[in-house]
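Please read the points alongside the sequence and coordinates.

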Amino acid sequence: MSLLWATRGRTWGFRFLRSGGTEDPLLAYDELFDAVDGQQPEVFHRLGDRVALRFPDPERRTDAAGRIIPHEFVLSGAEADGVTSLAEGRARIWPLVAAEYAQVWGTAEPPAGRE
């Protein structure tokens, strides 16, 4: 299983909250997200056995500038198996990270990323 997760908080900018078990999460992230429109608020993109997902925060939380916070994921392994749409990916992944994000969204400093 591999779950890479990039997002931002109320006052801190984009961070990888989960690295997907890789030393350089930016490389894996760029491989999938460079192929999609960066302006689209919602993305589903499959590349081989990996899936890129982007969707707005389901709770409609915003950053200090009032922008709705996006969540971006790269799924591989068991996490990507059978994911064939954005709705399916969101339904599978968001419950895994919702409580974690609720705890860190309003913190002044970004949390340390985890594997």
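With which residue does R50 form a salt bridge?

1. This is a predicted model, in which local features need pLDDT of at least 70, side-chain atom pairs count only at pLDDT 80 or more, and totals for chains, interfaces and linings use all residues. Residues are numbered from 1 along each chain as its sequence is written, and side-chain values use heavy atoms, with hydrogens and water left out.

2. The partner of R50 is E31, with the closest N and O atoms 3.5 Å apart. A salt bridge here is a side-chain nitrogen of Lys or Arg within 4 Å of a carboxyl oxygen of Asp or Glu. Because R50 lies in strand β4 and E31 in helix α1 (residues 25-33), the pair ties together parts that are 19 residues apart in sequence. Helices (H or I, at least four residues) and strands (E, at least two) are DSSP runs, numbered from the N terminus.

3. R50 counts as buried at 18% relative accessibility, whereas E31, at 43%, counts as partly exposed. Buried means under 20% relative accessible area, exposed over 50%, and partly exposed in between (1.4 Å probe, protein chains only).

4. The count of salt bridges is 7. One of them joins R18 and E100 at 2.6 Å, N to O; R18 lies in strand β2 (residues 15-19) and E100 in helix α2, so this pair ties together parts that are 82 residues apart in sequence. Both R18 and E100 are buried.
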